[in-house]
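Have a look at the structure first, then read on.

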Amino acid sequence: MRHLVVVLGDQLNADSLVFDDFDPSQDCVWMAERVGESRYVWSSKVRSAVFLSAMRHFAASLPDRFPLLYTSLTDPGPDDLVDLLALTLQEHLPRRLILVRPGEHRLRVAIQACAKAQGVEYVERPDIHFFCTTADFKSWAKGKTSLRMEHFYRWMRQRENILMEGAKPIGGKWNFDAQNRGHFGHEGPGWLPAPRSFAPDALTQQVLSDVASALTDHPGDLGSFDWPTTRDEALIALDDFLDHRLPAFGRYQDAMWQGEPLLYHARLSASLNLRLLSPREVVDGALQRYQKGRVELSSVEGFIRQILGWREFVRGVYWLNPDRLLASNALEAHAALPGFYWTGDTDMQCLREVISQTLSTGYAHHIQRLMVTGNFALLLGVEPHQVHEWYLAVYTDAVEWVEAPNTLGMSQFADGGRMVSKPYAASGRYIERMSNYCEGCRFNPSEATGGSACPFTTLYWDFLDRHRERFWHHPRAAMQWRSLDRIPSDKLDAIRTQVANIRKQLR
């Protein structure tokens with residue numbers, strides 16, 4: 001064998017450069033499902049099923065001219081993906097192992113070590129999926145002590161000539177974030193366009209059966225599985241979003257509502273991260289709707305900022321120094337992740353809603369992740385790596401390059417502010433303003449002490465108190481921390497006592 005071409009579960013783009021100069025007479029494609037990839041974090045059944053279904057459909061779509069070695073979840077062999085790869089290298093003795101960079105540092109290091117141990121040349125080909133290469137990002141970041149998405153986003157807008165009029169942004173503003181924070185009020189969202197659903201075909205049904213059998217003790221529910229797992233389905237989902245939900249996405253992207261997990265969001269991130277969709281075609285589709293007058297600038301800009309700005313930014317941040325990022329814990333948080341994160345069994349209605357939705361569907365939009373599950377873990381002081389592993393385990397779009405910076409850098413402020421300027425910490429009042437989660441909840445978001453005190457609010461004031469010294473003179477956070485001045489010392493003592501009781505209850 002000349003080349004063994006490795007296609008990993010998040011690299012399902014047919015235009016990948018791994019297929020360039022492929023010679024079917026002496027090369028072979030290698031794909032494998034291994035239970036170890038679902039066990040190094042306690043991956044939910046839904047997340048595993050999305051990856052495996054997409055992989056099997058991609059393998060089935062490969063032309064006959066691509067000889068394929070495919071190992072399914074139920075096939076015999078080592079549980080560990082790299083151990084299986086080592087056996088393949090020993091059996092077929094290829095001269096080169098060809099792939100694009102894996103989406104997780106630990107897997108990249110392991111595959112490199114495996115190739116070296118087997119005496120096989122390891123070759124990484126350029127990754128054409130992203131707008132920005134890791135080398136370009138490293139050059140942009142050079143010399144910067146802090147990395148800000150807004151600065152990177154403006155650079156990318158100019159470089160790619162997207163939503164630009166010459167050297168200036170269309171509309172005279174780089175972003176319309178101030179117009180992207182609408183909430184529904186007491187009347188609620190009203191009628192919402194139902195998203196396209198994708199009933200499992202025979203191949204996906206077999207995946208669901210295999211996952212249910214192999215991962216019986218893993219969290220999540222496969223009963224309502226309806227994710228797009230082929231490129232054709234992903235393209236349908238893209239058009240559905242662009243035509244029916246993008247027009248209101250900008251205004252309501254931060255809003256939350258009980259029983260409405262999607263609202264005006266896209267649910268495209270899994271397809272993007274599996275590479276069933278390219279970010280360029282997603283951005284181009286949004287621009288086409290704007291140019292036809294079907295979408296306002298504030299909505300199209302807010303959406304493109306997520307793709308061209310944030311998604312590319314977090315990938316660049318991750319690959320600058322993944323080891324440092326994964327080990328970061330700037331706020332010295334050491335509490336255990338509460339057990340209800342794996343069950344949704346809690347009296348806090350907002351957390352019950354978001355976690356139950358997550359375990360059932362593998363989905364939550366960015367504000368549910370940041371300001372509900374992430375905010376609570378931050379306020380409680382959960383050890384950041386535990387939070388990281390939970391997010392990596394439960395979401396269908398979770399690959400470490402995108403999940404780790406979002407969780408450790410943005411949500412948990414574990415990197416100490418290298419990625420965002422201040423912690424995303426908020427009391428229960430924020431959740432009350434942006435959702436109806438507090439309606440009918442036994443906790444009152446306005447109260448920090450007493451039997452009906454909202455744990456978010458209690459922990460919020462305790463968080464400010466614990467980190468007073470660090471942020472009291474912070475240029476972006478000082479005003480928030482100075483609000484401690486209005487809390488009498490006896491009230492702070494009562495809050496500390498209430499926090500101690502919360503922590504006891506969560507053990």
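Helices H1 and H6 cross in a right-handed way. This is a predicted model, so keep that in mind throughout. H1 covers residues 45-61 and H6 covers residues 202-214, and the two pack at an angle of about 140° with their axes 9 Å apart. That angle makes H1 oblique to H6. On the H1 side, the contact is made by Lys45, Ala49, Leu52, Ser53, Arg56 and His57. H6 answers with Leu203, Thr204, Gln206, Val207, Leu208, Asp210 and Val211. Sorted by class, the contact of H1 with H6 holds six nonpolar, four polar and three charged residues.

Now for another pair: H10 (residues 279-291) and H11. Their axes come within 10 Å and cross at roughly 165°, which makes H10 roughly antiparallel to H11. The crossing of H10 and H11 is left-handed. What does each helix bring to the meeting of H10 and H11? From H10 come Pro279, Val282, Val283, Ala286, Leu287 and Tyr290, and from H11 come Leu297, Val300, Phe303, Ile304, Ile307, Arg311 and Glu312. By class, that contact has 11 nonpolar residues, no polar ones and two charged ones.

The crossing of H18 and H21 is left-handed. In H18, the residues involved are Pro455, Thr458, Leu459, Trp461, Asp462, Asp465 and Arg466. They meet Leu492, Ile495, Arg496, Gln498, Val499, Ile502 and Arg503 in H21. This contact of H18 with H21 divides into seven nonpolar, two polar and five charged residues.

| Helix pair | Angle | Axis distance |
|---|---|---|
| H1 and H6 | about 140° | 9 Å |
| H10 and H11 | roughly 165° | within 10 Å |

On to the nonpolar cores. Which residues have the most contacts inside the largest nonpolar core? They are Phe303, Phe313, Leu351 and Phe456, in a core of 149 residues. Helix H11, residues 297-320, gives the largest share of this core, with 12 residues. Then there's a second, separate core of 20 residues, and Val6, Leu8, Ile111 and Cys114 are among them.

Setting aside its neighbours within four places in sequence, leucine 351 is in contact with Phe340, Tyr341, Thr346, Ser356, Val372, Thr373, Phe376 and Phe456.

Most residues other than glycine have a negative phi. Asparagine 161 isn't a glycine, yet it has a positive phi of about 55°. You'll find asparagine 161 in the loop between helix H5 (149-160) and strand E6 (164-165). Arginine 275 isn't a glycine either, and its phi is positive too, at about 75°. Arginine 275 lies in the loop between helix H9 (269-274) and H10.

Arginine 275, at 6% relative accessibility, counts as buried.

Two more residues round out the tour. Glutamate 121 sits in strand E5 (residues 121-125) and, at 41% relative accessibility, counts as partly exposed. Glutamate 121 and arginine 96 are 25 residues apart in sequence, yet their C-alpha atoms are 4.6 Å apart in space. Leaving aside neighbours within four places in sequence, glutamate 121 is in contact with Arg95, Arg96 and Leu97.

Threonine 407 is buried, with a relative accessible area of 3%. Valine 387 is 20 residues away from threonine 407 in sequence, and 7.2 Å away in space, C-alpha to C-alpha. Not counting residues up to four places away in sequence, threonine 407 touches Val387, His388, Tyr391 and Gln412.

Technical notes: Residues are numbered from 1 along each chain as its sequence is written. This is a predicted model: local features need pLDDT of at least 70, side-chain atom pairs count only at pLDDT 80 or more; totals for chains, interfaces and linings use all residues. Side-chain values use heavy atoms; hydrogens and water are left out. A nonpolar core is a set of buried Ala, Val, Leu, Ile, Met, Phe, Trp, Tyr and Cys residues joined through side-chain atoms within 4.5 Å. Buried means under 20% relative accessible area, exposed over 50%, partly exposed in between (1.4 Å probe, protein chains only). Helices (H or I, at least four residues) and strands (E, at least two) are DSSP runs, numbered from the N terminus. Contact means heavy atoms within 4.5 Å. Axes are lines fitted to C-alpha atoms, for helices over the stretch in contact, and angles run from 0 to 180 degrees between N-to-C directions. Angles under 35 degrees count as roughly parallel, over 145 as roughly antiparallel, 65 to 115 as roughly perpendicular and the rest as oblique. A crossing is left-handed if the near helix is turned anticlockwise from the far one by less than a right angle, and right-handed if clockwise. Ala, Val, Leu, Ile, Met, Phe, Trp, Tyr, Cys and Pro count as nonpolar, Asp, Glu, Lys and Arg as charged, and the others, Gly among them, as polar.
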